[in-house]
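Welcome! Please take a moment to look over the chain before reading on.

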Amino acid sequence: MANVSHRGDMATHPDVSEMRARYARMLGGRDVALVDGPVFLLGLYCSASPWILHYTTSQPALATHNLIMGIAIGLLALGFTTAPARMYGLSWAICAMGVWMIIAPWIVGSSPDTGVILNNIIIGALAVVLGLMCAGTAAKSAPKP
């Protein structure tokens with residue numbers, strides 16, 4: 001058996017400078033976390049908002065919709081944190097989800113009241129803004145040709 005417990009120093013790896021540059025470019029000074037945390041919290045609030053604002057009985061379809069959309073937003077945020085190189089291409093999806101959240105009370109809901117409408121408009125607007133921030137972070141960390 002080969003002795004694999006002793007590994008060499010990474011400094012001797014032929015691609016170490018390229019790996020360091022790509023890692024630094026992807027993390028971008030770790031401002032990635034400044035965007036991912038609020039996106040996750042927005043998803044968490046979106047999924048819990050029907051119970052916070054007590055419209056689960058008056059708008060059951062919209063309550064289910066917000067639960068599913070909140071989980072999707074939260075999962076995207078976790079993906080941005082764990083695999084930013086692969087996931088930041090989906091940052092525009094958060095913008096689309098935000099626009100959908102703004103119009104959803106009239107499409108999914110049935111005669112929503114002002115509180116439900118305002119809740120979804122605020123969630124949607126924040127999702128659009130945070131999605132644009134994610135897209136900006138992705139554009140900043142993209143490799144330069």
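The paragraphs below go from the overall fold to one helix, then to the core and the surface.

This is a predicted model, in which local features need pLDDT of at least 70 and side-chain atom pairs count only at pLDDT 80 or more, while totals for chains, interfaces and linings use all residues. Residues are numbered from 1 along each chain as its sequence is written, and side-chain values use heavy atoms, leaving out hydrogens and water.

The chain has 6 helices and 0 strands; helices are DSSP runs of H or I with at least four residues, strands are E runs of at least two, and numbering starts at the N terminus. Of its 145 residues, 39% count as buried, meaning under 20% relative accessible area, with exposed over 50% and partly exposed in between (1.4 Å probe, protein chains only).

Now find helix α5, residues 91–107. Its bend is a kink of about 35° at methionine 101, shortly before proline 105; the bend is the angle between axes fitted to the seven residues ending at a residue and the seven starting there. Among the buried residues of α5 are Ile94, Met101 and Pro105.

Ile94 also belongs to the largest nonpolar core, where Val39, Leu76, Phe80, Ile94 and Cys134 touch the most other members of the 20. Such a core is a set of buried Ala, Val, Leu, Ile, Met, Phe, Trp, Tyr and Cys residues joined through side-chain atoms within 4.5 Å. The elements giving two or more residues to this core are α2 (32–52), α3 (60–82), α5 and α6 (114–141).

And isoleucine 71? This residue sits in helix α3 and counts as partly exposed because its relative accessibility is 45%.

Key. Expected span 1.5 Å × (residues − 1).
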